[in-house]
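Have the viewer open as you read.

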Amino acid sequence: MLMENTYAIETKDLSIHYGGFTAVNEVNIKVERRKITAVIGPSGCGKSTLLRAFNRMNDFVPGCHVSGELLMQGQNLYSRNVDPVEVRRRIGMVFQKPNPFPKSIYENIAWGARINGFKGNMNELVEQSLQSAALWDEVKDKLQESAYALSGGQQQRLCIARTIAIQPEIILMDEPASALDPISTLRIEELMQELKKNYTILIVTHNMQQAARASDFTAMMMIDENRSGGVIEFDETKKIFTRPMDKRTEDYVTGRFG
Amino acid sequence: MNQLDLRKKPRPGEALVQALLFLAGILSIFVTIAIVYELGKEAMLFFNDPDVTFAKFFSMTRWQPGIGQYGIIALVSATLVTSAIAILIALPLGLFSAIFLSEYASLRARSVLKPILEILAGIPTVVYGYFALLFVTPILKLFFSGDQLQSYNMLSAGLVMGIMILPLIASMSEDALSAVPRSLREGAYAMGATKLETSVQIVLPAALSGIGAAVIVGISRAVGETMIVAVAAGAGPNFSFNPLDAAETMTGHIARISGGDLSYNTIDYTSLFAIALMLFLVTLVLNLISQRVVNRFRERYE
């Protein structure tokens with residue numbers, strides 16, 4: 001029997017270009033299955049750009065193109081015959097600012113499942129998803145109310161719940177707690193620990209304590225002299241934060257930089 | 001001595017601008033009130049005529065005040081039929097164009113198409129009128145046998161009126177769709193939604209209040225439109241809901257009658273103001289209904 005590949009997704013010389021400008025240069029990382037991988041680095045180093053390449057959200061940016069390979073189970077997600085809609089169905093995303101749909105709490109969850117052809121019991125799915133996102137107890141009596149009646153932290157957990165509802169393999173999180181207060185942030189971090197039992201999580205954060213607390217692996221990004229971002233070090237989180245190989249990583253994580 | 005001076009300093013520029021803004025606001029309110037007052041005053045003369053009663057006004061089916069026929073419905077029916085046809089044409093087409101322009105068209109396609117659409121809005125309505133009479137009606141004649149379709153008819157006028165308000169609805173709806181935050185679209189795409197699912201199920205509902213406003217303005221334009229119906233719909237009041245018939249709308253009638261020799265204080269003269277008041281009411285009611293509908297279905301994203 002073949003050994004199961006322990007990597008959920010990996011990049012091979014993945015570069016992201018805007019017109020002639022290379023925003024992210026030759027990234028090689030292997031994201032382990034059911035682990036939390038954090039991407040850290042100073043502002044403008046291309047963290048979000050890199051993250052958005054994983055579910056092909058960059059397709060919507062005019063002039064943006066990607067070179068190199070993004071491999072999921074041996075399949076390059078940027079090859080010509082791959083439909084980005086199918087990619088996004090398997091790689092979910094939670095954004096920096098909570099962006100629930102202008103619908104009821106129930107419909108926020110049900111909509112994604114429905115467009116993805118879910119045929120099972122919708123009530124059950126909604127309940128399970130909200131429970132997985134640790135939101136069920138707070139909203140179970142007001143499922144038909146607008147999602148905009150929720151607080152920011154609740155909205156973000158709703159966005160996580162709707163992502164879970166389509167059962168992706170990987171969840172991308174783009175600074176999911178940066179718009180939230182410390183208590184909501186803590187809840188999101190606790191939730192991530194729960195979610196990694198079933199999902200692979202890739203999270204961008206510029207909060208270093210968050211990366212140190214919550215992640216298993218860390219990719220450190222930095223811009224070079226051409227203003228292109230790149231991963232300068234990728235390792236287990238405790239190594240990155242205790243004995244990094246690269247001087248720049250050390251300067252950054254110890255707060256001597258940026 | 002106290003150095004900290006927190007007293008209000010004179011700001012003459014600010015006060016002046018404030019006064020100008022206030023005047024501009026007051027002016028439009030004043031004009032509106034003046035119009036309603038004038039309409040009401042002259043219309044009162046009409047309704048004060050011993051022969052005119054509200055019962056006759058709303059129940060008779062013929063309109064010819066000179067010989068004691070005061071059935072406003074003969075004019076209202078034509079306005080409703082032509083406006084309904086116009087909105088049936090303009091709403092779907094305008095909405096589809098708006099979705100295309102806002103969600104599908106490339107930047108270059110949009111920069112070419114939008115100005116062209118706006119040229120449509122700049123064509124004088126009298127040109128549209130003759131376009132309806134001399135181009136659209138002959139084409140429609142091909143589809144109807146014999147004299148089913150009259151030479152002047154509400155169908156052709158309504159269709160062309162729909163084309164006239166299409167750019168308005170398309171342009172306003174496009175603005176409403178474009179104003180929906182990008183984060184909502186991204187959220188939908190990230191769920192594995194296709195472009196169509198995102199546009200129709202997420203962006204469109206979020207833009208509904210703006211689209212509703214477009215429809216309200218469109219309806220008002222159609223109800224108030226004069227030249228197209230005066231030229232192409234017919235020149236005589238006719239209580240009929242059959243779009244193939246000739247009939248005269250409220251606006252068309254006012255335009256025709258007031259154009260001729262008309263002496264003051266005759267029943268023909270004052271009746272025009274009654275029609276105008278009715279027109280005002282119809283527009284008001286339609287606006288209220290559309291607002292209700294929009295509030296019922298809108299989805300807030302603020």
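## Ground rules

Let us begin with accessibility: buried means under 20% relative accessible area, exposed means over 50%, and partly exposed is what lies in between, using a 1.4 Å probe and protein chains only. By that scale, Phe234(A) is partly exposed, with a relative accessible area of 26%.

This is a predicted model, in which local features need pLDDT of at least 70, side-chain atom pairs count only at pLDDT 80 or more, and totals for chains, interfaces and linings use all residues. Residues are numbered from 1 along each chain as its sequence is written, chains are lettered from A and ligands numbered from 1 in the order in which they are written, and side-chain values use heavy atoms, with hydrogens and water left out.

## Aromatic rings

Rings of Phe, Tyr and Trp (its six-membered ring) pair if their centres lie within 6.5 Å; planes under 30 degrees apart count as stacked, over 60 as edge-to-face and the rest as tilted. Over all chains, this gives 16 aromatic pairs. One of them joins Phe217(A) and Phe234(A), a tilted pair with 6.3 Å between centres and 35 degrees between the planes. Phe217(A) belongs to strand β10 (residues 217-223) of chain A and Phe234(A) to strand β11 (residues 229-236) of chain A, so the pair ties together parts that are 17 residues apart in sequence. Helices (H or I, at least four residues) and strands (E, at least two) are DSSP runs, numbered from the N terminus. Phe217(A) is buried at 14% relative accessible area.

In chain B, one aromatic cluster is formed by Phe46(B), Phe47(B), Phe54(B), Phe57(B), Phe58(B), Trp63(B) and Tyr70(B).

## Charges over rings

A charge sits over a ring if NZ of Lys or CZ of Arg is within 6 Å of the ring centre and within 35 degrees of the ring normal. In chain A, the charged end of Arg162(A) is placed over the ring of Phe101(A), 4.2 Å from its centre. In chain B, Lys195(B) lies over the face of Tyr104(B), 5.7 Å from the ring centre.

## Salt bridges within the chains

Side chains of opposite charge can pair when their charged atoms come close. Here a salt bridge is a side-chain nitrogen of Lys or Arg within 4 Å of a carboxyl oxygen of Asp or Glu, and the structure holds 23 of them over all chains. Glu189(A) and Arg213(A) form one, with the closest N and O atoms 2.7 Å apart. Glu189(A) lies in helix α7 (residues 182-195) of chain A and Arg213(A) in helix α8 (residues 208-214) of chain A, so this pair links parts that are 24 residues apart in sequence. Glu189(A) is buried, at 6% relative accessible area. Glu236(A) also bridges to Lys238(A), at 3.3 Å between the closest N and O atoms; Glu236(A) is partly exposed at 34%, while Lys238(A) is exposed at 60%.

Moving to chain B, Glu38(B) and Lys41(B) meet in a salt bridge at 3.7 Å, N to O. These two are three residues apart in helix α1 (residues 12-48) of chain B, and are therefore separated by about one helical turn. Elsewhere, Arg110(B), Lys114(B), Glu174(B) and Asp175(B) are linked in a network of salt bridges.

## Where the chains meet

With contact meaning heavy atoms within 4.5 Å, 20 residues of chain B are in contact with 24 residues of chain A. The area buried between them (the accessible area, 1.4 Å probe, that two parts lose on being put together, summed over both) is about 1900 Å², and carbon and sulfur atoms give 65% of it. The rule finds one salt bridge across this interface: Glu186(B) with Arg52(A), the closest N and O atoms being 3.0 Å apart. On the chain B side, α7 (182-190) and α8 (195-206) each supply at least two residues that touch chain A, and α7(B) gives the most, with seven residues.

## Pro100(A)

Pro100(A) is found in the loop between β7 (91-94) and α3 (105-115) of chain A, and is buried at 1% relative accessibility. Leaving aside neighbours within four places in sequence, its contacts include Arg162(A), Cys159(A) and, from chain B, Leu184(B). The C-alpha atoms of Pro100(A) and Cys159(A) are separated by 6.0 Å, although the two are 59 residues apart along the chain.
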